[in-house]
Amino acid sequence: NMVGNSPPFVQVLKHIKKIARCDATVLIEGETGTGKEMAARAIHYLSERRDFPFIPVNCGAVPDNLLENELFGNEKGAYSEAHCVQRGLIWQADGGTIFFDEVEAFSPKGQFVLLRFLEDHIFKPLGSEQLKKANVRIMAASNTKLLDMVIQGNFRRDLFYRLDIMPIELPPLSQRKGDIELLAEYFLNQYKLQYNQPDKYLS
């Protein structure tokens with residue numbers, strides 16, 4: 001579902017295919033709307049993990065007080081509202097891929113929690129006495145250059161280097177103008193089907 005044939009985009013597609021053959025951590029950077037989650041899904045579904053879950057995490061939407069519960073889950077009775085075992089997002093992604101979207105939005109606590117998990121993929125659900133090891137591939141995406149945030153003191157340097165193992169930078173549409181017509185026709189056809197419209201054409 002990644003549409004385009006401009007030289008910068010074709011290079012990205014080649015890079016995606018190459019990265020899919022390796023299981024290392026991936027960092028995808030690019031402006032809003034460049035298709036970072038689509039690229040992450042393409043890597044996942046081209047990889048050996050394709051038959052296992054792809055779990056996206058919106059880092060900007062997870063509050064600090066719920067962070068570890070969301071990621072790692074909890075045992076029954078871990079806190080007053082924990083009436084049953086809850087599998088966290090990392091637990092749900094076991095065997096597959098967990099994708100941290102907008103990772104630049106993580107608070108200092110979120111960055112620390114993610115760094116600790118990246119070190120050995122070991123976590124402990126809330127209320128559990130046992131450690132668990134997650135068999136997951138890590139991918140992350142950022143709308144801004146994480147290295148710039150590191151230099152400004154707004155993102156942990158050690159976490160950046162843990163994430164930046166296999167980097168991809170997606171080109172904005174201003175660098176792939178030859179794809180504008182292809183994309184316009186693709187979306188026109190997609191919405192024609194979605195809204196049950198008659199054939200429509202661009203002049």
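This is a predicted model: local features need pLDDT of at least 70, side-chain atom pairs count only at pLDDT 80 or more; totals for chains, interfaces and linings use all residues.

Me: OK, and which residue does Asp199 form a salt bridge with?

Reply: That's Lys192, and the closest N and O atoms of the two are 3.0 Å apart. Lys192 is buried, with a relative accessible area of 17%.

Me: Why does 17% count as buried for Lys192?

Reply: Because buried means under 20% relative accessible area, and Lys192 has 17%.

Me: How many salt bridges are there in the whole structure?

Reply: A search turns up seven. One of them joins the side chains of Asp23 and Arg49, at 2.8 Å from N to O. This pair links distant parts of the chain, 26 residues apart. Asp23 is in the loop between helix 1 and strand 1, while Arg49 is in the loop between helix 2 and strand 2.

Me: Asp23 and Arg49, then: are they buried or exposed, or something in between?

Reply: Asp23 is partly exposed at 44% relative accessibility, whereas Arg49 is buried at 9%.

Me: Switching topic: in what order do the strands of the open sheet come?

Reply: There are five strands, in the order 2-5-8-1-9, and the pairing is parallel. Strand 2 and strand 9 are the edge strands, each pairing on one side only. On average, neighbouring strands are turned by 20 degrees against each other, ignoring direction.

Me: How many bridges join strand 1 to strand 8?

Reply: Four, and the two strands run parallel. As an example, Ile28 has Ala141 in strand 8 as its bridge partner.

Me: Which helix packs on that sheet?

Reply: Helix 2 does, touching strands 1, 2, 5, 8 and 9. Its direction makes about 155 degrees with that of strand 2.

Me: And what are the buried residues of helix 5?

Reply: They are Gly110, Gln111, Val113, Leu114, Leu115, Phe117 and Leu118. These buried residues pack against several elements, including helix 3, strand 5 and helix 7. Just after helix 5, His121 takes a positive phi of about 60 degrees.

Technical notes:
Residues are numbered from 1 along each chain as its sequence is written. Side-chain values use heavy atoms; hydrogens and water are left out. A salt bridge is a side-chain nitrogen of Lys or Arg within 4 Å of a carboxyl oxygen of Asp or Glu. Buried means under 20% relative accessible area, exposed over 50%, partly exposed in between (1.4 Å probe, protein chains only). Contact means heavy atoms within 4.5 Å. Two strands pair if DSSP finds at least two bridges between them. Axes are lines fitted to C-alpha atoms, for helices over the stretch in contact, and angles run from 0 to 180 degrees between N-to-C directions.
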